[in-house]
Amino acid sequence: MNQTPIQPAAAETFDRRRFCAVTGAAVLATLTVPRAAAASREFGENATHTRLKTGNGEWTYEVASGWGHLPAGLTFGGTHGAVATDNAGDVYVSTQSSTGIVVYSSEGVFKRSIASEYPEVHSIFHAQQGADEFLYTTVQKGTAKENWLFVKMKTDGTVMQKITAPPKAGFKAPNEWRLTAAVPGPDGSIFIANGYGDSRIFRFDKNGEYRGEWGGKGTRDGLFDCCHGLAVDTRYDQPLLLVCDRENRRLCHLDFDGKFVSTVTQHLRRPCQVSFHEDFAVVSELEGRVTILDRDNTPVAFLGDNPHKTQWANYQLQPNEIEPDWFSAAHGCHIDQQANIYISDWNQTGRVTKLIRSKV
């Protein structure tokens with residue numbers, strides 16, 4: 001089957017990288033001008049607060065002020081997790097606390113919490129299968145007997161399937177299985193990334209039976225240094241598995257048999273997760289930024305680009321220390337059907353931001 005993104009020749013690689021550098025520099029310039037100009041302050045006819053904006057061109061966004069408050073007694077923890085939406089537009093945000101997964105309306109009104117038995121869900125992928133909706137999640141901390149496992153659940157939190165460390169993987173200690181992401185493939189197979197472990201990617205059939213593995217820790221093609229996030233990339237003729245190779249600062253394509261296809265972009269700021277809208281990809285980066293890539297995986301916009309490097313990936317920060325239109329450690333990301341973007345920032349008490357796409 002033909003596939004659009006192919007490895008370019010050496011000369012083409014130079015031209016592409018130069019173009020990416022020029023494009024990135026041009027976009028970045030719009031975000032690093034003096035603060036008063038970079039954060040657009042607009043006042044509506046009856047507005048009582050400043051409207052902060054980030055991005056550029058068609059990828060200009062307004063920060064939704066006060067979105068996603070929690071009821072008294074519930075906490076986010078570090079929001080070391082993910083964001084997803086269901087078919088009705090409800091928003092699912094995983095916490096790093098006994099709150100479990102929080103469910104909001106798209107306007108940010110708290111509706112309920114689910115999966116409280118799993119207080120550290122790291123990734124969430126929403127899947128439609130027939131008439132039913134499911135959440136594919138990876139759990140770091142669960143019950144007293146269950147940690148580091150894959151859980152497929154209904155949107156009400158009902159557990160349908162679990163996968164733990166496969167015996168055939170050869171793990172000798174519990175802390176070697178430290179999964180970070182899971183997605184279903186086109187045929188129903190389940191792909192699980194052992195990102196915080198040995199950077200292998202495991203394949204299971206739809207019933208949870210072990211079917212193979214590939215990858216491992218390294219820098220060459222087909223290896224990873226923290227395969228942190230997984231996504232199914234359907235932007236091309238052939239669907240592909242997209243891997244956030246975080247510490248190698250790149251995104252890679254594999255086919256669903258585990259064959260390395262290409263490195264699609266490099267020099268990112270520790271990419272964590274990816275979400276798609278039409279031909280564009282939204283990438284959350286742990287070092288204080290969200291990047292929008294086009295179909296050629298060229299950056300077309302940077303959102304929330306934090307100029308203070310001391311805040312990048314700084315877990316010790318309190319949310320009130322971070323400007324509302326900047327990110328310190330963008331971890332979870334999701335773009336909805338209206339192209340609004342949700343970001344969960346990794347810090348000690350957690351922060352979730354909704355960015356509303358501006359009309360241009």
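User: What pLDDT does the chain average?

Analyst: This is a predicted model, in which local features need pLDDT of at least 70, side-chain atom pairs count only at pLDDT 80 or more, and totals for chains, interfaces and linings use all residues. Residues are numbered from 1 along each chain as its sequence is written, and side-chain values use heavy atoms, with hydrogens and water left out. pLDDT is the predictor's confidence in each residue, from 0 to 100. At least 70 is reached by 85% of the residues, and the chain averages 88.

User: How many helices and strands does the chain have?

Analyst: Helices (H or I, at least four residues) and strands (E, at least two) are DSSP runs, numbered from the N terminus. On that basis the secondary structure comes to two helices and 25 strands.

User: What share of the residues of the chain counts as buried?

Analyst: Buried means under 20% relative accessible area, exposed over 50%, and partly exposed in between, with a 1.4 Å probe and protein chains only. The chain has 360 residues. The buried share is 57%.

User: Which residues have the most contacts inside the largest nonpolar core?

Analyst: A nonpolar core is a set of buried Ala, Val, Leu, Ile, Met, Phe, Trp, Tyr and Cys residues joined through side-chain atoms within 4.5 Å. The largest one has 18 residues. At least two residues each come from β2 (59–63), β20 (280–285), β21 (289–293), β22 (299–303), β23 (330–335) and β24 (341–345). The residues with the most contacts inside this core are Tyr-61, Ile-292 and Ile-341.

User: How many residues are in the second, separate core?

Analyst: This core includes Val-183, Ile-201, Phe-256 and Phe-260. Its residue count is 16.

User: What is the angle between the planes of Phe-191 and Trp-214?

Analyst: Rings of Phe, Tyr and Trp (its six-membered ring) pair if their centres lie within 6.5 Å; planes under 30 degrees apart count as stacked, over 60 as edge-to-face and the rest as tilted. The whole structure holds 13 aromatic pairs. Phe-191 and Trp-214 form a tilted one, at 6.1 Å centre to centre. The angle between their planes is 55°.

User: How many residues apart in sequence are the parts that the Phe-191 and Trp-214 pair ties together?

Analyst: Phe-191 is buried at 0% relative accessible area, and Trp-214 is buried at 13%. Phe-191 lies in strand β12 (residues 190–193) and Trp-214 in strand β14 (residues 210–215), so the pair links parts whose separation in sequence is 23 residues.

User: How far apart in space are Trp-214 and Gly-258, C-alpha to C-alpha?

Analyst: Beyond four places in sequence, Trp-214 is in contact with several residues, including Phe-256, Asp-257 and Gly-258. Trp-214 and Gly-258 are 44 residues apart in sequence. In space, the C-alpha to C-alpha distance is 6.2 Å.

User: Which ring has Arg-357 over its face?

Analyst: A charge sits over a ring if NZ of Lys or CZ of Arg is within 6 Å of the ring centre and within 35 degrees of the ring normal. Lys-152 lies over the face of Phe-134, at 4.4 Å from the ring centre. For Arg-357 the distance from the ring centre is 4.1 Å, and the ring is that of Trp-59.

User: Which residue has its backbone nitrogen 3.3 Å from a polar atom of the Thr-180 side chain?

Analyst: Thr-180 sits in the loop between β10 (159–163) and β11 (181–184). It is buried, with a relative accessible area of 1%. Beyond four places in sequence, Thr-180 touches several residues, among them His-122, Cys-227 and His-228. The backbone nitrogen at 3.3 Å belongs to Gly-195.

User: Near what value is phi of Cys-226?

Analyst: Cys-226 lies in the loop between β14 and β15 (227–233). At 5% relative accessibility, Cys-226 counts as buried. Its phi is positive, in a residue other than glycine, and is near 75°.

User: Is Glu-117 buried or partly exposed?

Analyst: Glu-117 is found in the loop between β6 (110–114) and β7 (120–129). Its relative accessible area is 34%, so Glu-117 is partly exposed.

Terms used:
A polar contact is a pair of N or O atoms within 3.5 Å; within protein, one must be able to donate a hydrogen and the other to accept it, and residues adjacent in sequence count only if both atoms are side-chain atoms. Contact means heavy atoms within 4.5 Å.
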